[in-house]
Amino acid sequence: MQHEAHTAHDHHQQAVAAGSWAMAVQATLHCLTGCAIGEVLGMVIGTAFGWGNVPTLILAIVLAFFFGYALTLSGVLKAGLSLGAALKVALAADTLSIAVMELVDNGVIVLWPGAMDAGLADPLFWWVLAIALAVAFVLTTPVNKWMIGRGKGHAVVHQLH
């Protein structure tokens with residue numbers, strides 16, 4: 001009987017752990033979506049205006065944060081929170097995740113030979129961006145799992161849905 005109770009407890013712990021990873025993947029995909037929208041839009045705007053690499057990169061990062069927060073805000077506002085409360089939740093839920101994602105994906109792009117000079121019509125730009133976002137996803141997911149496991153980040157957002 002005691003062995004059965006222990007086994008049930010183990011299964012419960014495994015289910016909680018699996019849920020944390022599932023939530024972390026979902027949170028990271030959410031972050032990736034906002035970051036990708038911001039990154040691509042920033043690159044398009046910077047290229048259209050003939051800006052150099054640094055201003056274009058800064059704009060892409062700012063827009064990645066903006067769209068990442070905006071995606072969370074839209075869902076949290078639907079839960080009935082005021083704008084001020086929703087902003088606090090979005091900032092707390094997304095800041096670390098977006099920061100890690102942006103650091104990793106822009107690091108890959110900056111370090112990849114020729115990627116910063118590739119134009120939007122160059123397949124190298126799109127391949128490196130896809131690889132950079134994939135690497136950022138893989139490295140950001142454990143960050144989100146760590147935050148969710150402590151009741152932070154998207155754990156708070158999920159409580160509101």
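Visitor: Why is Leu139 called partly exposed?

Guide: This is a predicted model, and in it Leu139 has a relative accessibility of 47%. Buried would need under 20% and exposed over 50%, so Leu139 falls in between and counts as partly exposed.

Visitor: Where is Leu139, and what surface patch is it part of?

Guide: Leu139 lies in helix 4, which covers residues 123-149. Together with Trp112, Trp127, Ile131, Val135 and Val138, Leu139 makes a nonpolar surface patch of about 580 Å².

Visitor: Let's turn to the cysteines. How many disulfides does a search of the whole structure find?

Guide: The search finds 0 disulfides. Cys31 is in none, and the nearest cysteine sulfur, that of Cys35, is 3.9 Å away.

Visitor: Are Cys31 and Cys35 buried or exposed, and how do you know?

Guide: The cut-off for buried is under 20% relative accessible area. Cys31 has 3% relative accessibility, so Cys31 counts as buried. Cys35 has a relative accessible area of 0%, so Cys35 is buried as well.

Visitor: Why is Ser97 called buried, and what does Ser97 touch?

Guide: Ser97, found in helix 3, has 1% relative accessibility and therefore counts as buried. Not counting residues up to four places away in sequence, Ser97 touches Cys31, Thr140 and Asn144.

Visitor: What makes Gly38 a buried residue, and where is Gly38?

Guide: Gly38 is in helix 1 (residues 2-48). At 0% relative accessibility, Gly38 is under the 20% cut-off and so counts as buried. Leaving aside neighbours within four places in sequence, Gly38 is in contact with Ala60, Leu63, Ala64 and Phe67. Gly38 and Ile61 are 7.0 Å apart from C-alpha to C-alpha, although they are 23 residues apart in sequence.

Visitor: Which residues does Asn106 touch, and why is Asn106 called buried?

Guide: Asn106 belongs to helix 3 (residues 83-111). Its 5% relative accessibility is under 20%, so Asn106 counts as buried. Beyond residues up to four places away in sequence, Asn106 touches Glu39, Leu57 and Ile61.

Visitor: How do you know that the span of helix 2 is close to the expected value?

Guide: Helix 2 (residues 53-78) has 26 residues and reaches 38 Å from its first C-alpha to its last, against the 38 Å expected at 1.5 Å a residue. Buried residues in helix 2 include Leu57, Ala60, Leu63 and Ala64. Just after helix 2, Gly80 takes a positive phi of about 100°.

Visitor: What is the pattern of the chain, and how many helices and strands does the chain have?

Guide: There are 5 helices and 0 strands, and the pattern along the sequence reads α-α-α-α-α. Of the 161 residues in the chain, 36% are buried.

Methods
Residues numbered from 1 in each chain as written. Predicted model: local features only at pLDDT ≥ 70, side-chain atom pairs only at ≥ 80, totals over all residues. Heavy atoms only, no water. Patch = residues over 30% accessible without salt bridge, like charges linked within 9 Å, V, L, I, M, F, W, Y side chains within 5 Å. Areas by Shrake-Rupley, 256 points an atom, 1.4 Å probe, with all protein chains shown as cover. Salt bridge = Lys/Arg side-chain N within 4 Å of Asp/Glu carboxyl O. Helix = DSSP H or I, 4+ residues; strand = E, 2+ residues; numbered from the N terminus. Buried < 20%, exposed > 50% of the residue type's maximum accessible area, 1.4 Å probe, protein only. Disulfide = S-S within 2.5 Å. Expected span 1.5 Å × (residues − 1). Contact = heavy atoms within 4.5 Å.
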